[in-house]
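Open the model in your viewer and keep the selection tool at hand.

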Amino acid sequence: MIKIIIGDRIVKSFGEGDEKRNVLDGVSVEINEGEFVAVMGPSGSGKSTLMYALSGTDNVDGGKVVFDNRDLSTASENELSDIRRTAMGFVFQQPTMLKNLNILDNIILPSMRDNRKNAAKISEKARTIMKRVGIAELEKRDITQVSGGQLQRAGICRSLMNNPRIIFGDEPTGALNSKTAEEIMDIFSEINADGTAVMLVTHDAKVAARTERIMFMRDGSIVSELKLPKYDGADMDGRVEKVAVKMREIGI
Ligand SMILES: Nc1ncnc2c1ncn2[C@@H]1O[C@H](COP(=O)(O)OP(=O)(O)OP(=O)(O)O)[C@@H](O)[C@H]1O
């Protein structure tokens, strides 16, 4: 199995002097190409910090992160931003979009920064992705004229523009009702089925139960892991129950 990310004894601390605290306390984690994983844990356990360390968004204070055979711990700021732009996609709880641009323009904006000459091609690609994600008809809408779920779909479209090897989602369904969250998870499942690795940070057992490996964090360490078969639409209740049992076991 090809490992797309290797995090080796990652240490990340915040604070100074007596206040200094390891938020990641020597975390080792590997993510395989095309894998679908989730990170769960109590609030403040270090889930988002781990995601930002693994994606090279934040530097680490100890250990190292290797992405696609490149040691991110020794990469320059420019190299890191190149890697994030070309090989990674990011989806957040609330997509950050510009109010003065319509949905299509928001989706293509990051790609246009690199490649203004290919505007027509980029728009065409965005339209194909929007169709796939179910928001083809919304391209001219203002970002205030769409629902939360539609806006999140647009955020996912934006994250797919550069054919990323992995998508990182930090509570991507956290602001959505359960039906819309399910629809968004359908989209992540489809993206993953096409071969893109997906790593989600979530508090929601139903979201985690869609993935094939769940890492449970506590106090800056991964304390447990649950493996599930790839989701094929069957036995969602059984999967959620397995996640819930683990959550109770570690006291989330
Ligand atoms: N930039 C920062 N400066 C200082 N402390 C920070 C910073 N970022 C995170 N922390 C602290 O690190 C700890 C872990 O934060 P992190 O956001 O990774 O937790 P989390 O598990 O994702 O929590 P939540 O589920 O609430 O989002 C928290 O105690 C947080 O206050």
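Is the crossing of H4 and H5 left-handed or right-handed? The model is a predicted one, in which local features need pLDDT of at least 70, side-chain atom pairs count only at pLDDT 80 or more, and totals for chains, interfaces and linings use all residues. Residue numbers start from 1 along each chain as its sequence is written.

**Stop 1: two helices.** Select residues 119-133 for helix H4 and 148-160 for helix H5. Helices (H or I, at least four residues) and strands (E, at least two) are DSSP runs, numbered from the N terminus. The two axes come within 9 Å and cross at roughly 135 degrees. Axes are lines fitted to C-alpha atoms, for helices over the stretch in contact, and angles run from 0 to 180 degrees between N-to-C directions. H4 is therefore oblique to H5; angles under 35 degrees count as roughly parallel, over 145 as roughly antiparallel, 65 to 115 as roughly perpendicular and the rest as oblique. The crossing of H4 and H5 is right-handed, the term for a near helix turned clockwise from the far one by less than a right angle, with anticlockwise being left-handed.

Now show side chains. Ala126, Ile129, Met130 and Val133 of H4 meet Arg153, Ile156, Cys157 and Leu160 of H5, where contact requires C-beta atoms, placed from the backbone, within 7 Å.

**Stop 2: the open sheet of 4 strands.** Its order is E2-E1-E4-E5, with antiparallel pairing; strands pair if DSSP finds at least two bridges between them. E2 (21-32) and E5 (70-71) stand at the edges with a single partner strand each, so one side of each has no neighbour in the sheet. Select E1 (residues 3-14): 9 bridges join E1 to E2. Helix H1 (residues 47-54) packs on this sheet, touching E1, E2 and E4 (62-67), and its direction makes about 125 degrees with that of E1.

**Stop 3: the open sheet of 6 strands.** Here the order is E6-E7-E8-E3-E9-E10, and the pairing is mixed. Select E3 (residues 36-40) and E9 (residues 213-218), which pair in the parallel sense over 4 bridges. Val37 has Arg213 in E9 as its bridge partner.

**Stop 4: the ligand.** Select the ligand and its surroundings, which include Phe14, Val23, Gly41 and Lys47; a residue is near if its C-beta atom, placed from the backbone, lies within 6 Å. H1 gives the largest share of the shell, 3 residues.

Note on methods. Two residues are in contact if their C-beta atoms, placed from the backbone, lie within 7 Å.
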